Amino acid sequence: MSGPVLARRGFLSATAGLAAALTLAACGGGTTAAPAGSAAPSGSAASAQGWSFTDDRDKKLDLPKVPARVVAQVGSAAALWDFGVRPVGVFGPHKLKDGSKDPQVGNVDITQVQGLGNVWDEFNVEQYIALQPDLLVSNMYVKGTLWYVPEKSKDTIEQVAPTAGIMLTGKSATEVISRYEELARSLGADLAGVPEAKARMEAATKELAQFKDLKVLMVSGGADAFWIVNPPEYPDIKHLTDAGLNVVTPEKVDEGGFFQTLSWENADEYEADVILYDTRTQALKPEEMMKKPTFAKLPAVKAGQLYPWSAETPFSYQGYATFLEELVANLKKAKPLG
């Protein structure tokens with residue numbers, strides 16, 4: 001494989017598989033789980049009228065009744081859970097090595113759902129079939145490619161139940177959240193908690209404009225590489241920049257457009273007052289990154305203006321309210337260094 005593809009595979013180890021999706025694109029390439037609590041009651045008007053939803057592949061899904069048994073990639077499951085949908089199964093990073101919950105799965109109670117796979121390219125098709133799913137939901141970074149659905153078994157998975165894809169790339173967080181709200185509503189979810197969470201998110205968003213004088217760099221660290229993320233490609237970062245935050249855009253991005261790969265020796269390529277680092281389990285922790293001399297000498301690091309970035313915040317009003325409130329609290333401690 002080419003150098004850019006190998007670089008993307010390196011990014012996979014630090015960012016939960018995004019590079020692998022790009023690599024695929026570049027290369028052409030019985031259970032006791034509880035039923036979903038989101039479905040409209042049997043016999044309701046929604047059930048009588050059937051169910052319809054057009055996903056972000058422009059694929060219209062029509063079913064004779066509202067899906068009751070939903071399986072979702074962890075990012076989708078976390079969003080739907082906050083909107084009141086209770087999936088019966090999840091796939092993608094949901095459990096840490098010690099058995100505790102991976103932050104990527106959000107508020108999902110992993111003791112109440114069937115895990116079908118915890119790492120990239122892992123999806124137990126037999127368990128999926130046994131769940132008798134009515135619908136599979138996943139995010140998409142590349143249109144038409146469902147996140148964490150393995151290429152080797154996607155045809156079989158598609159035959160078991162209808163699938164819905166929600167696009168992330170190039171969208172703002174509010175657009176993605178609205179899509180999950182629309183999907184949850186179609187599934188009959190109780191959206192009672194939405195107005196309060198939405199108000200919290202909007203209030204925190206308005207506060208971001210006060211930090212426009214801070215230059216912010218958003219990064220992820222791997223053992224042998226340092227990645228500078230490209231704001232327009234990520235819904236959460238696009239939300240921040242739309243709200244007035246000054247986030248550094250890399251001058252040269254790798255194939256695919258999601259990030260620029262630097263060596264640790266070149267970690268000082270970009271100046272910034274604040275560095276937000278990827279907190280996912282695959283990424284290096286701050287203490288590990290500080291062992292890299294060039295990184296440790298960065299002004300933002302020396303000033304202690306190094307703060308966490310929840311890179312896979314659930315696309316719900318609750319998820320973003322919490323993420324933005326914590327970010328605002330951290331940025332209030334920072335100051336321009338130039």
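Colleagues, residues are numbered from 1 along each chain as its sequence is written, and side-chain values use heavy atoms, with hydrogens and water left out. As the model is predicted, local features need pLDDT of at least 70 and side-chain atom pairs count only at pLDDT 80 or more, while totals for chains, interfaces and linings use all residues.

The protein chain has 13 helices and 13 strands; these are DSSP runs, helices being H or I with at least four residues and strands E with at least two, numbered from the N terminus. Of its 338 residues, 54% are buried, that is, under 20% relative accessible area with a 1.4 Å probe, protein chains only.

I turn to the largest pocket. Its lining consists of 19 residues, and P103, S310, E312, T313 and P314 lie nearest the centre. A pocket here is an open set of points on a 1 Å grid over the protein atoms alone, where a 1.4 Å probe fits, with protein on both sides within 12 Å along at least five of seven lines; lining residues have an atom within 4 Å of a point. Helix 13, residues 317-331, gives the most to this lining, with five residues.

Is T169 buried or exposed? T169 counts as buried because its relative accessibility is 16%. Leaving aside residues up to four places away in sequence, T169 touches M140, Y141, E233 and F258, where contact means heavy atoms within 4.5 Å.

Methods
Buried means under 20% relative accessible area, exposed over 50%, partly exposed in between (1.4 Å probe, protein chains only).
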